[in-house]
Amino acid sequence: MEDTLTVIMKRRSIRKFTDQPVEKEKIIQLLEAAMAAPSAMNAQPWEFVVITEKSVMDKFRRALMFAKMNAPAAICVLGSSRMQKGKVGDKFWVQDCSAATQNILLAATALGLGSIWVGVHPVTIFSRQVSHILNLPKGVTPLNLIYIGYPAETKEPRTQYEEARVQWGPFPPAEKKHAKTFPQDQSILLDEQSNDHTDQ
Ligand SMILES: Cc1cc2nc3c(=O)[nH]c(=O)nc-3n(C[C@H](O)[C@H](O)[C@H](O)COP(=O)(O)O)c2cc1C
């Protein structure tokens, strides 16, 4: 087994896959990695849908403009208000589910699988399409689809380290006036149908 830093650098978005199906045991290992992720207050506000049916994968490929890749399987990561433990972690479900997602990507790399993160939330139309295709019940919100399969392309391991993105210690006070923040309220992008995750 390769060491953790090697796996982190090796993980790349794979967009070409062989037809070889992914073994169920490996998918379970990916899900174990997902559910080992940290979450705020250990609320674990997640559920996962495993898709291996070609007919369903074809529906994703038809419906979602950035999800045309020929992967044989996918895991849909759901934010879940109905399964989360306690209510305090409600506001952090995107971070929590993203940590679970990254664990899946890294575990896939370690197992010799290729993977790609296909974003769904907070694009309302993608969220609606995935919810429709998977018949999602109330109380869950699809964060993404992770396409999984055996890779038919290779990519170089890499970091994207840039010294210019690193501030060692506090910024000098004079630079404060230039600071730009992300918009705090992106609620117009959020899925209206997405139930109890009222993180606006
Ligand atoms: C939130 C998120 C959404 C993404 N959505 C897509 C997508 O819909 N389709 C796609 O081909 N790649 C998608 N990607 C993959 C990025 O394009 C990719 O991570 C980035 O170009 C860096 O390349 P690397 O993953 O090989 O390091 C997504 C990545 C993230 C983190």
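1. Basis. This is a predicted model, in which local features need pLDDT of at least 70 and side-chain atom pairs count only at pLDDT 80 or more, while totals for chains, interfaces and linings use all residues. Residue numbers start from 1 along each chain as its sequence is written.

2. Overall fold. The protein chain has five helices and four strands; these are DSSP runs numbered from the N terminus, with helices being H or I of at least four residues and strands E of at least two. In sequence order the pattern is α-α-β-α-β-α-β-α-β. Of the 200 residues in the protein chain, 32% are buried. Here a residue is buried if 20 or more other C-beta atoms lie within 10 Å of its own, exposed if 12 or fewer, and partly exposed in between, with C-beta atoms placed from the backbone. Among contacts in the protein chain with a separation of 6 or more, 83% are between residues 24 or more positions apart. A contact requires the C-beta atoms of two residues, placed from the backbone, to lie within 7 Å.

3. The sheet. The four strands make an open sheet, ordered β1-β2-β4-β3, with antiparallel pairing; two strands pair if DSSP finds at least two bridges between them. At the edges are β1 (46-51) and β3 (114-119); each has a single partner strand, so one side of each lacks a neighbour in the sheet. From one strand to the next the twist averages 25°. Axes for such angles are lines fitted to C-alpha atoms, for helices over the stretch in contact, and the angles run from 0 to 180 degrees between N-to-C directions.

4. Strand pairs. β1 and β2 are antiparallel and joined by six bridges, and V50 is opposite I75 in β2. Between β2 and β4, also antiparallel, there are eight bridges; in this pair C76 faces L145 in β4. β3 and β4 (residues 140-149) are linked in the antiparallel sense over six bridges, with S115 opposite I148 in β4.

5. Burial of β2. How many of the eight residues of β2 are buried? The count is eight of eight. In a regular strand, side chains alternate between the two faces of the sheet. In β2 both faces are covered, with A73, I75, V77 and G79 buried on one side and A74, C76, L78 and S80 buried on the other.

6. Helix α5. This helix (residues 124-133) lies across β2 (73-80) and β4, and runs at about 75° to β4. Its buried residues are F126, S127, V130, S131 and I133. They span an arc of only 165° around the axis and therefore sit on the same side of α5; the arc is that of the directions from the helix axis to the C-beta atoms. These buried residues pack against α3 (54-63), β2 and β4. On the face turned away from the buried side are the exposed residues I125 and H132.

7. Ligand shell. Which residues are around the ligand? They are R12, S13, R15, F66, A67, I116, W117, V118 and G119, where a residue is near a molecule or strand if its C-beta atom, placed from the backbone, lies within 6 Å of it. The shell divides into five nonpolar, two polar and two charged residues. In this scheme Ala, Val, Leu, Ile, Met, Phe, Trp, Tyr, Cys and Pro count as nonpolar, Asp, Glu, Lys and Arg as charged, and the others, Gly among them, as polar.

8. Backbone details. Most residues other than glycine have a negative phi, and most peptide bonds are trans. The bond joining H121 and P122 is cis, with omega about 10°, and P122 lies in the loop between β3 and α5. M41, in the loop between α2 (24-34) and β1, has a positive phi near 55°. M41 is partly exposed because it has 15 C-beta neighbours inside 10 Å. N42 lies in the loop between α2 and β1 and has a positive phi of about 50°; with 11 C-beta neighbours inside 10 Å, N42 counts as exposed. N135, which follows α5, also has a positive phi, near 50°.

9. R158 is in the segment after β4. Its C-alpha is 5.0 Å from that of M9, although R158 and M9 are 149 residues apart in sequence. R158 counts as exposed, with 10 C-beta neighbours inside 10 Å.
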